[in-house]
Amino acid sequence: MPLDHESVAPPDGVVAPRFRPPAGASSAAAVSLDGEWRFRLFPHPDTGVDRAEPGDGWDRLAVPGHWQLAGAPHSWPYGVPEYTNVLYPFPVEPPHVPDDNPTGEYRTTFSLPAEWPDGGRTVLRFEGVDSWFQVALDGELLATSHGSRLPTEVDLTGRLGPGDHLLAVRVTKWSAMSYVEDQDQWWLSGIFRGVTLEHRPDGGIDDVRVRADYDHTTGVGTLRVDTAAVVAAPGAVAARVAVPELGVEAVAGEELRVPVEPWSAERPRLYDVVVETGTETVTLAVGFRTVSITDGVFLVNGRPVKLRGANRHEFDPLRGRAVTPERMLEDVLLMKRHHLNAVRTSHYPPHPHFLDLCDRYGLYVVDENDLETHGFLDEGWSGNPVDDPEWTDVLVDRVTRMVRRDGHHASIILWSLGNEAGGGRNVRAMADAVRGLDPSRPVHYEGDWSSDHVDVYSRMYAPTEEVALIGQGVEPPLERANADARRRAMPFVLCEYAHAMGNGPGGLADYDALFDRYPRLLGGFVWEWIDHGLTRADADGTLFAAYGGDFGERIHDGTFIADGLLLPDRTPSPGLRETAAVFAPVRIDARPDGTLLVRNRYAFRDTSHAELRWTLHRGEDELATGKLDLVLDAGDEAVVRPPADLPLPEPGEAPVWWTLRAVQQSPDTFEESWLEPGFVLGAGQLRVVDRAPLPAPAGRVTAHPEGGYQAGPARFDARGDLVALAGRAVHTFRVDAWRAPTDNDRAAGGGQERSDLENWRHAGLHLLAERKAGVHVGEDGALEIDARVAGPTTRAGFAARYRWQPVTDTPDAVDLLIDVRPEGRWPQSVARLGVVLVLDEPRAMDAGVRWTGLGPDESYADSRTAALGGAWRHTVADWQTRYTHPQENGARRGVTSAVLSFADGSGLRVDAGEVTVGARPQDGVELSLRPWSDDALDRAAHPHELMPDGLLRLHLDAAQHGVGSAACGPGVLPNAQLHAAPVLMRLRLTAL
Ligand code: GAL
């Protein structure tokens with residue numbers, strides 16, 4: 001009996017779920033039915049269209065694809081994508097869904113290829129259809145299925161005579177299954193993964209279970225291949241299993257023991273295993289590896305490993321979840337190139353090809369079931385399918401379909417039962433079913449905080465203090481002593497942490513240090529891999545990355561869909577480069593005693609594949625280079641320092657750095673063919689010579705003939721306003737403490753009552769204005785301007801004194817000493833402390849900038865591992881990070897000098913002398929350059945709305961507040977907070 005879309009029964013009329021080899025790995029015939037299908041969209045599931053209707057004259061729609069994206073980026077002929085994170089965009093009354101339920105009728109006509117083998121069976125396979133669907137052949141309804149990110153097979157044997165056949169598929173947008181597919185992503189419908197017709201020969205290999213273990217004490221691999229479901233044809237023999245490279249053979253069900261090289265994410269060694277029955281040959285890429293937990297420590301092949309990963313949704317800015325193999329490879333290579341060694345397939349099994357790539361290139365995978373019921377949270381989890389016996393069968397069906405589909409992948413080291421689906425009886429049912437099928441891998445589920453049914457303790461966004469307690473095994477106990485003892489003996493994983501929304505994540509390095517310190521900590525997965533910004537054309541045809549609300553959705557979660565390490569077009573964000581530096585397998589960190597600590601963080605490799613190259617450099621000059629003769633065994637570390645006989649130069653205009661990089665030697669294996677020449681496995685540095693102090697100025701300001709004052713290249717009016725600098729008009733010069741809020745600034749994180757942004761607004765930082773309190777020329781000839789800068793409604797403010805003094809013999813230069821003191825009560829953080837200088841510059845985007853300081857990317861107090869001291873160049877245009885949701889970006893820290901070159905050939909040089917915040921000396925200033933105001937940056941909803949306005953802003957800050965992870969997780973940690981404090985900054989400005 002066909003089932004309707006509100007049924008909670010498992011699929012009907014389908015072939016029992018089975019393993020399937022990767023495309024091309026079987027000798028059995030297969031043909032793709034992908035391409036243009038005929039399509040019509042109807043408002044309700046009862047479309048009224050006969051299954052035998054061929055659909056001639058209907059629209060054409062690409063399969064695989066989502067119907068909402070058929071006209072992207074310009075038109076949306078079949079309804080728009082909708083984004084919600086937690087809430088269901090329909091009334092919560094499971095299993096019912098609204099009558100208004102867009103339903104697609106798909107049609108395609110096919111015939112069996114002439115060379116299709118006789119005999120055997122023929123199955124039709126759908127790799128993924130969102131959300132509920134029915135399959136009919138030649139007018140006859142055959143199957144009803146669901147489980148959007150899981151395969152469905154329908155047996156067509158005996159139905160495929162010569163000539164054309166009409167395949168009709170009806171797909172609804174909503175179904176009972178929408179309640180268990182409430183993942184934080186766009187709601188996108190349709191046949192979004194491939195469709196194939198596959199021959200199953202009699203006596204073929206219908207199901208393969210592979211168990212390939214590795215005994216690290218003996219170096220012996222154990223291989224057992226079961227082909228339990230081989231359909232017995234008359235006279236069929238048991239399948240034969242061979243590993244040609246190892247010269248071993250067996251029959252299915254027999255155990256082979258042979259010395260092997262093990263598989264790990266570091267060395268993803270695979271062997272071809274050939275399984276053959278006489279009617280079918282399947283060649284599988286098998287990795288030998290064993291996952292175990294001993295004394296609360298997670299081991300691969302007997303060694304503790306740390307997972308340094310990200311959560312990956314399938315996403316393409318034009319195609320949604322219909323990702324191509326090229327995109328999958330791009331993701332895997334981007335992960336490898338940024339030192340990720342793990343991926344959680346949030347929150348559903350990915351396209352199976354992605355797992356093939358993880359096996360081949362080496363990534364540890366947490367394969368996650370297609371399950372999330374987060375929308376029940378608001379109802380106190382009442383009615384949650386995960387605790388409802390009516391749903392047990394369908395939930396067990398889902399999770400076992402995943403295990404059967406994916407069980408042969410060496411890369412999968414944990415099965416995850418789902419995400420944010422609450423607790424209840426079905427958690428146990430699913431866990432039992434998974435263990436029944438595959439006892440070799442531990443089970444994960446974050447929603448089970450007491451860890452009753454899982455093998456690893458998992459949490460998301462736990463703050464560092466709590467993670468430290470868990471690392472030491474001294475976290476607060478569970479009420480049930482047994483459960484507590486069980487959980488305390490488990491490894492701990494952060495299945496999500498370091499929310500990478502917008503400018504961030506901040507604090508990643510703090511977590512990573514804990515992972516290294518405590519063996520119980522298995523590591524974690526940054527949330528998340530990529531911003532899901534869908535490409536959309538605005539009214540002028542300009543393409544931009546759309547997020548929630550950009551399609552006029554009535555209910556949506558706005559920018560929360562843009563929280564990845566990659567921008568939607570897969571441009572790495574500064575957050576990904578920070579992640580790469582923090583995750584580096586060869587970590588090189590400066591120690592306070594002027595040495596570098598080099599740590600080999602591989603679990604299985606020594607560092608003989610890396611060359612430790614150093615350079616001594618000042619500004620753009622390389623002064624000396626060399627190599628260190630050092631090879632570290634896995635897990636070892638060493639303290640190194642510059643060679644004792646290295647001649648160090650006298651202090652000059654830029655600091656001198658000794659920078660050490662671990663550079664991969666040219667790869668010699670396929671698994672590493674993705675490496676770029678000079679690939680850096682880790683870098684660190686020491687500042688070995690500080691920049692020379694700026695000589696004291698001794699010039700005198702002069703009266704300007706038209707009134708006011710002249711101090712070198714700086715001109716002031718009689719009130720003390722800086723009106724021109726280096727020949728260009730100055731619009732504003734004053735103390736500033738505000739920034740265009742980041743997504744993290746907007747949220748109250750980690751138990752804070754109010755967000756940083758609320759605090760800053762409360763203190764009026766966004767409306768700061770200056771009152772001059774006095775202007776006079778001091779005895780030493782400097783122009784002294786006293787001012788007070790404050791926001792409305794508050795007594796708190798900043799008293800500022802600016803001392804401008806020309807530089808003797810350098811008429812183009814002026815020194816500026818800025819002394820800022822907070823007045824009144826400043827209970828909370830401030831965004832920045834420094835000055836903003838706004839100059840006339842009609843071609844601000846084209847201006848070039850060269851700076852000595854940290855770079856090349858932006859860095860903040862709690863995301864600074866990637867930033868290295870040196871000399872860097874940019875244009876103002878490239879200086880901007882175009883976050884999907886515009887916000888503060890682009891700060892370069894530790895700047896000791898910067899040269900701006902304007903399009904008209906003129907320029908401005910800024911040198912930084914002493915800078916202190918409170919009693920703390922800073923290394924130079926933080927520089928930000930913007931061709932638009934912070935206000936415009938704050939107001940813009942998308943980067944393409946930002947237009948240069950003819951002015952160039954320079955922020956010269958003594959410090960800026962960190963970025964934290966408050967959008968989801970802890971706020972800025974105390975070590976990166978900025979509070980109102982006295983500031984001293986000495987700058988020299990030179991017209992060029
Ligand atoms: C988590 C959830 C993720 C994502 C994230 C916020 O709670 O598991 O799917 O929604 O929050 O970006």
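This is a short tour of one predicted model, stop by stop.

Local features here need pLDDT of at least 70, side-chain atom pairs count only at pLDDT 80 or more, and totals for chains, interfaces and linings use all residues. Residues are numbered from 1 along each chain as its sequence is written, and side-chain values use heavy atoms, with hydrogens and water left out.

**Stop 1: the ligand**

Select the ligand. Then show the residues near it, meaning those with a heavy atom within 4 Å. They are Asn 85, Asp 184, His 347, Asn 419, Glu 420, Met 460, Tyr 461, Glu 496, His 499, Trp 527, Phe 560 and Asp 563. This shell divides into 4 nonpolar, 4 polar and 4 charged residues. Here Ala, Val, Leu, Ile, Met, Phe, Trp, Tyr, Cys and Pro count as nonpolar, Asp, Glu, Lys and Arg as charged, and the others, Gly among them, as polar.

An N or O atom of the His 347 side chain is 2.7 Å from a ligand oxygen. For Asp 563, a polar side-chain atom lies 2.8 Å from an oxygen of the ligand. For Asn 85, the distance from a side-chain N or O atom to a ligand oxygen is 3.2 Å. On its own the ligand has 310 Å² of accessible area, and the protein covers 95% of it. Such areas come from the Shrake-Rupley method with a 1.4 Å probe; for residues, only the protein chains shown count as cover.

**Stop 2: helix α2**

Select residues 352–361, helix α2. Helices (H or I, at least four residues) and strands (E, at least two) are DSSP runs, numbered from the N terminus. In α2, 8 of the 10 residues are buried. Buried means under 20% relative accessible area, exposed over 50%, partly exposed in between (1.4 Å probe, protein chains only). Among the buried ones are Phe 354, Leu 357 and Tyr 361. Their cover includes α1 (325–337), β27 (364–368) and α3 (392–406). Gly 362 follows the helix, with a positive phi near 95°.

**Stop 3: the cores**

A nonpolar core is a set of buried Ala, Val, Leu, Ile, Met, Phe, Trp, Tyr and Cys residues joined through side-chain atoms within 4.5 Å. The largest has 109 residues. Trp 391, Leu 417, Tyr 497, Trp 529, Trp 658 and Leu 660 have the most contacts inside it. Apart from it lies another core, of 70 residues, including Phe 716 and Tyr 802.

**Stop 4**

Most residues other than glycine have a negative phi, and most peptide bonds are trans. Go to His 339, in the loop between α1 and β26. Its phi is positive, about 65°, although His 339 is not a glycine. Is His 339 buried or exposed? His 339 counts as buried because its relative accessible area is 12%.

Next, select Pro 94 and Pro 95, joined by a cis peptide bond with omega about 5°. Pro 95 sits in the loop between β4 (82–84) and β5 (103–110). A cis bond also joins Gly 855 and Pro 856, with omega about 0°.

**Stop 5: Asp 934**

Finish in helix α11 (residues 934–939), at Asp 934. Asp 934 is buried, at 10% relative accessible area. Its side chain makes a polar contact of 2.8 Å with that of Arg 930. A polar contact is a pair of N or O atoms within 3.5 Å; within protein, one must be able to donate a hydrogen and the other to accept it, and residues adjacent in sequence count only if both atoms are side-chain atoms. Leaving aside neighbours within four places in sequence, Asp 934 is in contact (heavy atoms within 4.5 Å) with Asp 736, Trp 738, Ala 740, Arg 832 and His 955.
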